[in-house]
Each structure stands twice: as structure tokens, then as C-alpha cells.
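Good morning, and thank you for coming. Please take a moment to look at the sequence and the structure, and then we shall go through them together.

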Amino acid sequence: METNVLEHTPEVALSDDDPYYRKNPSLDDQVHCLITVVAADKVALMKDETVKTLKDIRLAARDLGIPQICILTRIDVACPLVAEDLKAVYTSKYIKEQMMGLNAKIGIPMNCIVPVKNYHEEIDLNNDVDMLLLRALTHIVNFADDHVRNLHCKNENI
């Protein structure tokens with residue numbers, strides 16, 4: 001009978017002698033990309049404790065060589081210009097300021113912060129919304145794929 005990994009208490013760090021700890025995890029058991037989701041209209045309101053936690057997680061992932069992406073959501077709520085025309089997302093000074101704020105607070109590189117609009121009121125699909133979401137997903141898949149390829153190459157060279 002297989003044990004449930006979710007039974008581990010997440011508030012406590014996993015130690016080497018924990019029954020859930022895997023000394024030699026397979027590629028299927030490893031993290032391939034860290035995704036952080038932050039609302040664009042809440043970046044300036046983030047508590048110091050939250051910023052510290054996100055930064056600590058990001059640094060731990062970096063030290064493990066895990067790529068990181070930040071999804072900046074609710075860009076239409078944060079910026080009236082973007083709410084009016086979603087195509088203005090990459091020319092919006094406000095959205096760029098929020099991205100720069102995340103970069104400064106947490107240390108996520110600008111090219112790893114991907115703005116998206118949430119579907120929250122719409123009942124029909126929108127190509128502009130889908131394009132941003134697809135761009136974010138493509139970014140995630142490419143980062144994770146590169147990471148897996150690098151891990152695979154390292155494992156073959158051992």
C-alpha cells in the first residue's frame with residue numbers, strides 16, 4: 001500500500017530521516033518550475049512577511065537550480081488603460097512599475113514576470129486574454145522543459 005505524501009505537515013521542513021524524504025528522486029518526483037502568482041493590484045500592498053516568504057522560497061529554488069516564473073494577474077483591475085485595451089499591457093507604465101516592484105521586492109527577473117488577465121466576469125472567450133495566458137503557459141513549459149533536459153543530461157553524465 002502506497003503512503004500519501006500529503007500527510008506530511010507542510011509547516012515543518014522535511015528532514016533526511018523523514019519517511020517521505022526521497023534521497024534520489026526520479027525526474028517525475030522533482031519540481032521543474034516554480035510558479036508564483038501575484039495580483040497586479042496587490043503588489044504595493046504585500047506585507048513584509050509575505051515578501052520575505054516569497055523571497056526565501058525563490059532563493060531556495062534558485063539554489064536548487066529550479067527555474068522560476070511569476071504570473072502577474074488581474075492586470076485589467078490594476079490598470080484602467082489595460083482594462084480598456086488589453087493590447088496596451090506591454091506599453092502600460094503602471095504594469096511595468098508593478099513588474100519592477102516584484103523584481104525589486106522578491107528578486108524575480110523582469111523576463112520571468114508574465115502579465116495575464118483573469119477570466120472573472122466573461123462568459124465568452126477572448127483572443128487577447130487567451131494570447132496572454134498562452135504566452136504565460138508557453139513560458140512556463142519552455143522553462144520547465146529546459147530544466148528537465150538539463151537534469152536529464154546531468155544524470156546521464158554521472
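Which residue does the side chain of aspartate 29 meet in a salt bridge? The partner is arginine 22, with a distance of 2.5 Å from N to O. Please keep in mind throughout that we are discussing a predicted model. As a general point, side chains of opposite charge can pair when their charged atoms come close. Aspartate 29 is partly exposed, at 41% relative accessible area. Arginine 22 is likewise partly exposed, because its value of 44% falls between the limits of 20% and 50%.

Let me now step back to the overall architecture. The protein contains five helices and three strands. Followed along the sequence, these elements come in the order β-α-β-α-α-α-β-α. The C-alpha trace extends over about 55 × 35 × 30 Å along its principal axes. Of the 158 residues, 32% are buried. If we take the contacts between residues at least 6 apart in sequence, 67% of them join residues at least 24 apart.

I turn next to the strands. How do β1 and β2 pair, in the parallel or the antiparallel sense? They run parallel, and the pairing extends over six bridges. Within this pairing, alanine 39 stands opposite threonine 73 of β2.

Six of its six residues are buried, so the strand is largely enclosed by the rest of the structure. Gln68, Cys70 and Leu72 point to one side of β2, while Ile69, Ile71 and Thr73 point to the other. Threonine 73 itself counts as buried because its relative accessibility is 9%, which is under the 20% limit. Setting aside neighbours within four places in sequence, threonine 73 is in contact with Val37, Val38, Ala39, Ala40, Val116 and Asn118. By contrast, lysine 52 lies 21 residues from threonine 73 along the chain, and their C-alpha atoms are separated by 20 Å.

On the β1 side, consider threonine 36, which belongs to the strand formed by residues 34–39. Is threonine 36 buried or exposed? It is buried, with a relative accessible area of 15%. Beyond the residues up to four places away in sequence, threonine 36 touches Leu54, Ile69, Cys70 and Ile71.

The largest nonpolar core comprises 30 residues, and Leu72, Ile75, Ile95 and Leu102 have the most contacts inside it. Several elements supply at least two residues each to this core: β2, α2, α4, β3 and α5. Which of the elements gives the most? It is α5, with five residues. To see one member of the core in its surroundings, please find isoleucine 75.

Let us return to the charged side chains. How many salt bridges does the structure hold? There are eight. In one of them, the side chains of aspartate 41 and arginine 74 meet at 2.7 Å, N to O. Aspartate 41 sits in the loop between β1 and α1, and arginine 74 in the loop between β2 and α2, so this pair ties together parts that are 33 residues apart in sequence. Arginine 74 is partly exposed, at 31% relative accessibility.

A further salt bridge joins glutamate 122 and lysine 117, whose closest N and O atoms are 2.4 Å apart. Here the two partners fall into separate classes: glutamate 122 is partly exposed at 30%, whereas lysine 117 is buried at 10%. Salt bridges with shared partners also link Asp41, Lys42 and Arg74 into one network.

Finally, the surface. The protein exposes about 11000 Å², of which carbon and sulfur atoms supply 55%. Met131, Leu134, Leu137 and Val141 form a nonpolar patch there, with about 370 Å² of accessible area together. Leucine 137 is part of helix α5, and it is partly exposed, with a relative accessible area of 49%.

Thank you for your attention.

Conventions: Residues are numbered from 1 along each chain as its sequence is written. This is a predicted model: local features need pLDDT of at least 70, side-chain atom pairs count only at pLDDT 80 or more; totals for chains, interfaces and linings use all residues. Side-chain values use heavy atoms; hydrogens and water are left out. A nonpolar core is a set of buried Ala, Val, Leu, Ile, Met, Phe, Trp, Tyr and Cys residues joined through side-chain atoms within 4.5 Å. Buried means under 20% relative accessible area, exposed over 50%, partly exposed in between (1.4 Å probe, protein chains only). Helices (H or I, at least four residues) and strands (E, at least two) are DSSP runs, numbered from the N terminus. Contact means heavy atoms within 4.5 Å. A salt bridge is a side-chain nitrogen of Lys or Arg within 4 Å of a carboxyl oxygen of Asp or Glu. Patches are made of residues with over 30% relative accessible area and no salt bridge: like charges are joined within 9 Å, nonpolar side chains (Val, Leu, Ile, Met, Phe, Trp, Tyr) within 5 Å. Accessible areas come from the Shrake-Rupley method with a 1.4 Å probe; for residues, only the protein chains shown count as cover. Two strands pair if DSSP finds at least two bridges between them.
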